[in-house]
Amino acid sequence: MPPYIRRSLIALSIDDPKLAEKAFDSWADAIVLDIVKQAAQDWQQTLKAQMPLAIAAASRGGAEVFVRLNAQTAYAELDATVFAGLAGVVLVGVADAAELVLASAKLDALELERGILQGSLEIDLEINTAQGVWNSLEIARASSRIGTLTINEQALYQNLDIPFETTLEVEPIEFIKGQIITVATSVNGQAQGMSYPLCITQKEVDETTLKKAILRARDTGFKGALCAQPSWVKLCNEGFRPSADEVEYYKEVRQVFAEGLKRGLASVPLNGKMIDVPVDLRAEVYLEWADRVALRDQQKIQAHQQQAISLQSLN
Amino acid sequence: MTHRVARCTMFVTPTNPRFIDKAWTRGGDVYILDIEDSIPLAEKARCRGLIRESIAKANKGGASIYVRINKPFVDADLPCSVWPGVDRIMLPKTDTAAEMQYAHDLITELEKEHGVPVGYIELSPMIETALGVVNIYEILSATPRKIWSMGGGTGYDMAVNLGIEMFVDFDQYAYTSSYVALAAMSLGIESSGGVFVHNPTGRVDQREDAIKEAEILHAAGVRQITALHPNFIEPLCTGLAPTQAEMTWAQTVLDTYQGLLLAGESMTEVNGQVVDCYEYARAVKTLEWGRACAEKDQFKAKALARAQAAV
Amino acid sequence: MTTKKNPRRSWLIVPADQAAVSTPVQSQGADVIVLDLEYTVPPKNKESARAGLSVQIAQLAAASAQVFVRVDCATRWADVRAAVTRGLTGIVLPSPEEPADIVEIDALITELEKARGVEVGSTEIVLMLESAKCFWNADTLGRASNRVTAMGVGRIDLSMMLGAVPQNEFRLYRFLMTRTLVAARMLGKQPLGAFWRPGSRGGLASVADTLRAAREARLLGFSGCVCAVPEQVAPVHAGFV
């Protein structure tokens with residue numbers, strides 16, 4: 001049911017000499033490329049030369065590849081950064097719908113120019129200002145390209161002048177996260193994010209703590225998270241999905257309900273709970289989600305194997 | 001009138017004689033005749049045919065009657081549901097203002113056809129999707145019909161829409177329920193809406209839980225909730241009405257405030273409690289609510305006595 | 001606006017009909033004095049309170065205080081007329097529900113500034129949100145006038161009758177604070193508010209409760225709040241650090 005299987009994302013710089021290796025080893029569902037603009041006059045030319053290589057390098061492990069740009073400078077940068085192989089663009093700090101419409105139109109032109117399937121490039125929002133939060137619905141509705149929404153918590157805290165506290169019982173931006181998740185879902189997109197306080201401490205933690213944090217993020221409505229640490233990726237891939245137990249349970253639900261229907265029953269008991277139409281619907285939705293996750297994992301495994309094979313054949 | 005008091009509503013399945021015949025004895029303020037999620041697809045046609053006769057069966061104890069129709073079958077469901085004796089139509093998974101307008105127009109036609117005073121039947125959008133949440137203001141202001149907001153961005157279907165598991169230890173609907181509540185309040189529309197109570201077992205039938213829930217809702221100022229089991233009905237109806245102590249205090253506030261007005265003052269204390277314009281407004285609402293609950297209780301008692309004598 | 005010199009953490013309500021109180025008030029150390037024509041002034045004293053305003057404002061301004069006047073929304077035109085004078089920093093407007101209301105008051109203030117030799121545009125407006133409509137319209141209200149420098153969460157536990165929930169909060173409170181914060185920051189206004197919890201009512205809140213309410217508001221991103229009584233100034237300063 002989430003439109004995208006994007007449980008784990010990591011950000012890498014296109015200047016990183018180990019870009020290909022890190023992307024490959026990460027097993028992330030998606031890579032977000034951060035650009036570096038050289039001080040020189042012809043930064044566009046440099047980027048244009050760099051990007052296709054960076055995109056190829058980042059996609060070696062089967063990840064989707066995105067480029068991340070600041071909304072204020074994006075219009076000029078899109079030309080230098082959008083090439084075939086990209087799944088989309090992450091725009092940071094979009095202030096209003098007008099900005100988004102401009103960016104979307106620019107992508108229309110670039111798709112045509114560069115042989116990219118029309119309308120296929122996604123626009124994802126990284127929100128870091130009060131304005132971005134307040135206008136999030138309007139912005140999300142401004143283009144059918146909108147895919148995911150996320151919050152840059154550290155930047156937003158600064159923008160809102162919220163003190164950086166990591167031991168509070170309730171997260172200061174709890175309602176803002178809820179808003180972003182709701183907005184994203186309402187436009188058939190999804191939201192990604194990590195729960196508090198890991199979203200602002202961004203550190204490595206033990207497995208138990210990380211699992212709990214991912215579960216909390218998932219229960220809040222997030223479908224994945226930007227992994228501040230590569231070590232988060234594995235558990236994000238495992239956590240942002242129906243678990244094996246859930247899959248087994250939902251299979252049983254569907255079976256038991258179908259049998260009940262044959263006998264003319266509107267609801268059937270299973271382990272002390274009543275299974276009726278809404279429960280069966282949920283089961284259907286979750287099983288389909290699980291199938292798509294399995295497919296995605298398969299794709300990544302194949303990509304890794306192919307990579308290994310082509311490296312072998314070089315030797 | 002009395003149908004405004006809906007401390008405790010409960011869904012009943014018209015296709016199940018066991019439930020529909022006995023429902024009136026349970027003491028609910030409202031019974032909701034369901035054509036939606038408790039009725040499998042294959043049974044819906046038969047259910048439609050049973051709605052009209054179910055009204056009289058279910059309201060014998062003085063309860064008001066609502067009907068929950070199906071979002072995809074509005075055209076088939078409404079003609080079977082708009083009848084004298086029905087106070088409200090519930091529209092599940094309302095996503096847009098257009099859906100409200102459509103239902104409103106059709107209900108108007110049917111009220112004329114079926115002898116119901118035009119505009120009498122209330123319309124309740126049930127907000128069960130993220131889209132419904134973000135469109136809430138437009139939804140609630142879409143029609144001139146009396147609206148009562150229900151299903152404020154929480155619940156089972158909402159969980160499926162958001163792709164989340166339920167019964168966790170925090171309020172997953174903090175934003176959605178608050179946003180819907182604010183929209184309703186800003187339009188002067190009454191809304192039902194719960195308060196987050198951690199329910200790890202997911203059980204809905206324990207009487208002790210009912211009493212506890214009633215206390216919590218009462219403290220939070222919530223006046224309407226849906227019971228998922230008959231055991232919850234009586235504790236909720238009792239618990240959501242003002243207590244005698246609250247009514248007495250409200251009257252005291254009223255009397256004291258009149259004195260203040262006459263003296264040109266604005267604030268005083270009685271038994272260590274503040275009496276001011278805020279407390280006065282609160283007292284007025286409490287007395288109004290208390291009287292409405294008492295009237296409903298009397299009505300239900302009379303209806304019950306009549307129905308039992310007839311048996 | 002808040003400045004390094006005056007961060008406007010504490011906005012102390014002083015009943016405008018108690019003229020004798022104003023002088024010692026300066027020694028309370030409040031960042032902002034709010035002469036009140038609303039809640040704390042009984043109807044029988046409103047006329048005399050209005051009449052005595054300009055003298056009080058002049059005295060406080062002479063002592064370099066930041067002076068606001070909280071008007072009664074129902075009688076705002078008369079209250080504003082009594083308040084706009086040299087030395088007044090601004091008006092606190094409780095529960096404005098429509099942007100048009102603010103636009104109208106803005107125009108009235110301009111007219112009075114011109115007539116009274118006050119620098120045109122210098123009189124500020126602070127909005128206190130106290131009803132569902134206010135919170136729903138927070139962005140359009142904040143944008144309605146350039147005079148608006150702050151937006152605050154009023155005592156909504158009282159004015160909106162929000163009941164207590166098991167988490168020892170008022171229903172909707174945190175949501176409404178968040179909404180105000182985002183609107184205020186988006187528009188460059190100072191967000192005012194305190195995280196009052198059940199049991200701390202109005203000016204009767206204890207020092208400990210006040211400190212906690214201020215501290216928790218700071219943790220949510222707010223930078224000041226209203227003090228109903230002078231005893232609340234010190235804990236508010238301690239909380240909004």
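Predicted model: local features only at pLDDT ≥ 70, side-chain atom pairs only at ≥ 80, totals over all residues.

Helix H3 spans residues 71-81 of chain A, and its buried residues are A:Ala71, A:Ala74, A:Glu77, A:Leu78, A:Ala80 and A:Thr81. These residues lie on the same side of H3(A), because the arc that they cover around the axis is only 155°. An α-helix has 3.6 residues a turn, so residues three or four places apart point the same way.

## Overall form of chains A and B

Chain A contains 13 helices and 10 strands. Its radius of gyration is 21 Å, close to the 20 Å that the globule rule gives for 315 residues, so chain A is as compact as a globular protein of that length. Along the principal axes, the C-alpha atoms of chain A fill a box of roughly 75 × 55 × 40 Å. Of its 315 residues, 46% count as buried. Among the contacts in chain A with a separation of 6 or more, 69% are accounted for by residues 24 or more positions apart.

Chain B has 12 helices and nine strands. For its 311 residues the globule rule gives 19 Å, and the radius of gyration of chain B, 20 Å, is close to this value, so the chain is as compact as a globular protein of that length. The box filled by the C-alpha atoms of chain B, taken along the principal axes, is roughly 65 × 50 × 45 Å. Buried residues make up 48% of the 311 residues of chain B. Of the contacts in chain B between residues at least 6 apart in sequence, 68% join residues at least 24 apart.

## The sheet of chain C

In chain C, eight strands form an open sheet with parallel pairing, in the order E9-E6-E5-E4-E3-E2-E1-E10. Strand E9 (190-192) and strand E10 (225-227) of chain C each have a single partner strand, so one side of each of these edge strands is left without a neighbour in the sheet. On average, neighbouring strands of this sheet are turned by 25° against each other, direction ignored.

Strand E3 (residues 66-70) and strand E4 (residues 90-94) of chain C run parallel and are joined by three bridges. Across this pair, C:Phe68 stands opposite C:Gly90, and C:Val69 stands opposite C:Ile91. Helix H2 (residues 46-62) of chain C lies across strand E2 (32-36) and E3 of chain C, and runs at about 155° to E3(C).

Strand E4(C) is largely enclosed by the rest of the structure, because five of its five residues are buried. Both faces are covered, with C:Gly90, C:Val92 and C:Pro94 buried on one side and C:Ile91 and C:Leu93 buried on the other. In a regular strand the side chains alternate between the two faces of the sheet.

## Contact between chains A and B

The contact involves 25 residues from chain A and 23 residues from chain B. On the side of chain A that touches chain B, at least two residues each come from helix H8 (174-186), helix H10 (207-220) and helix H13 (277-314) of chain A. The largest share, nine residues, is supplied by H8(A). By residue type, this side of chain A divides into 12 nonpolar, seven polar and six charged residues.

Conventions
Residues numbered from 1 in each chain as written. Chains lettered and ligands numbered in written order. Contact = placed C-beta atoms within 7 Å. Helix = DSSP H or I, 4+ residues; strand = E, 2+ residues; numbered from the N terminus. Nonpolar A, V, L, I, M, F, W, Y, C, P; charged D, E, K, R; others polar. Pairing = 2+ DSSP bridges. Axes fitted to C-alpha atoms, helices over the stretch in contact; angles between N-to-C directions. Rg over C-alpha atoms; globule rule 2.2 N^0.38 Å. Buried ≥ 20, exposed ≤ 12 C-beta atoms within 10 Å, placed from the backbone. Arc of directions from axis to C-beta.
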